[in-house]
Amino acid sequence: MKRIIAGILWVLAEGCISNDVPDPVIYGNVTKIEFNGQQKCAINTKTRTIELTLSDTVDIQRVCLNTLELEATPARKQEVLILPEASIAVDTFLNLSQPYRFTVTTYQEYEWTIKAEQPIERWLKVENQAGDEVINVREKMVSVYLKKGQNLSDVRITDLQLGPSIATYEPTWFNLKDFRRKQTILMNCFGRTERWEIAMFEEREEEEPSGEGLSVTVDAWAHFAYVNAKLSAGSEGIPAFEYKSGGGAWQRVEAEVSGNVFQTKLGGLKANTRYDVRAVVGGQIGTESTFTTERDDQVPYSNFDTWYLDGKAWCTGEDGIVTWDSGNKGSANYGNTNPTTEEKNDVVNGSAARLASCYAVIKFAAGSLYTGKFGGLDGMNAKLDFGIPYTCRPTQLKGYYKYIPGVVNKVGDKYNGKFDFLRGTTDSCHIYIALCDWEEKTFQANSTPPGTFVDYSRNNPSILAYGELKSNRRMTKYEPFTIELEWRNMERKPTCIVIVATSSKYGDYFTGSTESVLLLDEFELVFD
């Protein structure tokens with residue numbers, strides 16, 4: 001009995017000793033780290049930071065970790081019986097576009113931070129160039145002044161680099177000639193695309209070093225404005241712009257400078273509002289200019305809360321006001337079928353639009369919704385007048401959607417087998433927006449084979465801006481979406497807007513799934 005009690009006391013004593021002795025302090029340090037494309041590396045064990053310089057030929061959002069060596073360093077001199085472990089592993093890819101944090105674990109956890117930079121040289125060189133080009137990386141804009149007398153309709157770019165040295169450009173930059181208005185060029189690299197605007201100006205006469213010469217050029221949108229000016233000869237000081245509305249105080253925004261040109265973007269402006277603006281360089285104050293921001297009008301009934309019955313066809317909006325329409329007026333004539341209807345239960349707010357692809361007695365009909373009006377029937381095929389009058393310049397279309405795709409089980413039989421490859425695949429929805437410069441303010445599409453449809457490609461100069469969303473993903477709830485508008489021409493103003501949504505992307509060609517349903521709610525145009 002005494003032995004048992006003694007044994008219990010010994011165990012208890014051992015437990016007390018174990019709990020009272022703290023773990024030794026063993027630092028987890030990085031001694032070596034190497035990434036694909038790494039040019040420089042500095043490891044600081046005091047701040048636990050790793051500063052990298054990467055080549056511009058690697059994707060900073062997906063950098064492969066090639067080597068990682070760790071060390072367990074005791075806080076005081078003692079034997080170390082633990083191996084450090086890291087939360088990152090060799091041969092994996094890390095997104096280093098922002099500071100990346102990971103841990104090294106010994107007896108304790110130590111947080112390390114990787115900070116990567118990727119220097120990218122940018123330039124644009126032109127024959128008869130006057131001074132240095134101005135490259136605004138944040139706004140993706142390039143401004144170039146050309147020597148006086150240079151014909152802006154016949155400009156020759158001799159060299160260009162706006163991104164990594166391995167980037168490609170669309171269109172090919174040496175084919176850009178006409179700069180009487182801004183040109184857009186797409187820079188493609190690492191599977192991503194950046195849209196750059198290039199503007200060229202004829203050099204002005206040299207001006208005396210006075211504030212009178214600091215004239216401002218403004219491109220005003222609804223909630224922001226691009227402003228630029230040219231430095232006068234002998235100007236000294238930090239270039240900036242000042243602006244105000246009404247009797248308010250001047251607000252100052254510093255500018256980006258290259259050579260003798262400076263520019264910036266004034267953000268946070270109110271729509272349809274008059275502003276005063278002036279350029280300032282040191283003590284020089286330029287002549288005041290005025291500009292008025294554009295309107296930020298929404299497309300009416302874009303919340304899809306209001307519906308009415310037009311004969312047998314359900315419509316969103318109000319009777320007699322042309323805003324939104326669908327293919328209902330065609331399919332309702334055959335079997336009283338309405339692919340597009342009001343949804344009252346599964347909504348974000350109020351009511352929603354339910355676009356359901358179906359077989360309308362004799363033809364496949366995709367659920368659809370578009371700005372414009374139904375133009376009638378051409379035999380068994382629909383004529384749709386796309387577009388409503390609109391003159392504002394939004395930057396995004398936002399809203400909510402929920403998509404339940406089916407398997408494609410209907411394929412149009414009058415298009416020479418063009419869409420047979422889709423049979424048995426997952427159907428996809430399509431939402432797109434276009435700002436157009438059409439004299440007639442509408443475009444009549446006709447599904448009669450071979451079909452007459454709008455050309456939304458970059459080859460069509462009447463499409464000033466375009467953006468789209470395509471998906472075949474099955475969704476269980478509403479999700480927000482944002483469609484960025486790519487403005488292909490920033491000089492001309494639109495005359496109409498086209499917004500289209502369909503539950504079957506190839507519904508125009510009578511191809512899709514009779515099980516596909518697309519729910520839409522709370523559309524909104526954004527102008528920031």
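**Pocket, strands and confidence in a predicted model**

Strands β15 (192-202) and β40 (486-487) each supply at least two residues of the lining of the second largest pocket. Strands (E, at least two residues) and helices (H or I, at least four) are DSSP runs, numbered from the N terminus. The model is predicted: local features need pLDDT of at least 70, side-chain atom pairs count only at pLDDT 80 or more, and totals for chains, interfaces and linings use all residues. Residues are numbered from 1 along each chain as its sequence is written, and side-chain values use heavy atoms, with hydrogens and water left out.

The second largest pocket has a volume of about 500 Å³. Of its 17 lining residues, Arg195, Thr395, Glu484, Leu485 and Glu486 are the closest to its centre. A pocket is an open set of points on a 1 Å grid over the protein atoms alone, where a 1.4 Å probe fits, with protein on both sides within 12 Å along at least five of seven lines; lining residues have an atom within 4 Å of a point. Grid points are joined across faces, edges and corners, and the volume is the space filled by probe spheres set on the points. The lining has seven nonpolar, two polar and eight charged residues. Here Ala, Val, Leu, Ile, Met, Phe, Trp, Tyr, Cys and Pro count as nonpolar, Asp, Glu, Lys and Arg as charged, and the others, Gly among them, as polar.

The protein has two helices and 42 strands. Strands pair if DSSP finds at least two bridges between them. Strand β35 (residues 396-404) runs antiparallel to β39 (residues 479-484), joined by six bridges. Lys398 stands opposite Thr482 in β39. Eight bridges link β35 with β42 (residues 517-526), again antiparallel. In that pairing, Tyr401 faces Leu520 of β42.

β1 meets β4 (residues 63-74) over nine bridges. Ile33 stands opposite Leu68 in β4.

Of the 528 residues, 47% count as buried, that is, under 20% relative accessible area with a 1.4 Å probe and protein chains only.

Mean pLDDT, the predictor's confidence in each residue from 0 to 100, is 86, and 87% of residues reach 70 or more. Over residues 1-19 pLDDT stays under 50, and the model has zero contacts there beyond four places in sequence. A contact means heavy atoms within 4.5 Å. Residues 206-211 also have pLDDT below 50, but this stretch has 16 contacts beyond near neighbours in sequence. Where pLDDT is low, the predicted coordinates should not be read in detail.

Notes. Buried < 20%, exposed > 50% of the residue type's maximum accessible area, 1.4 Å probe, protein only.
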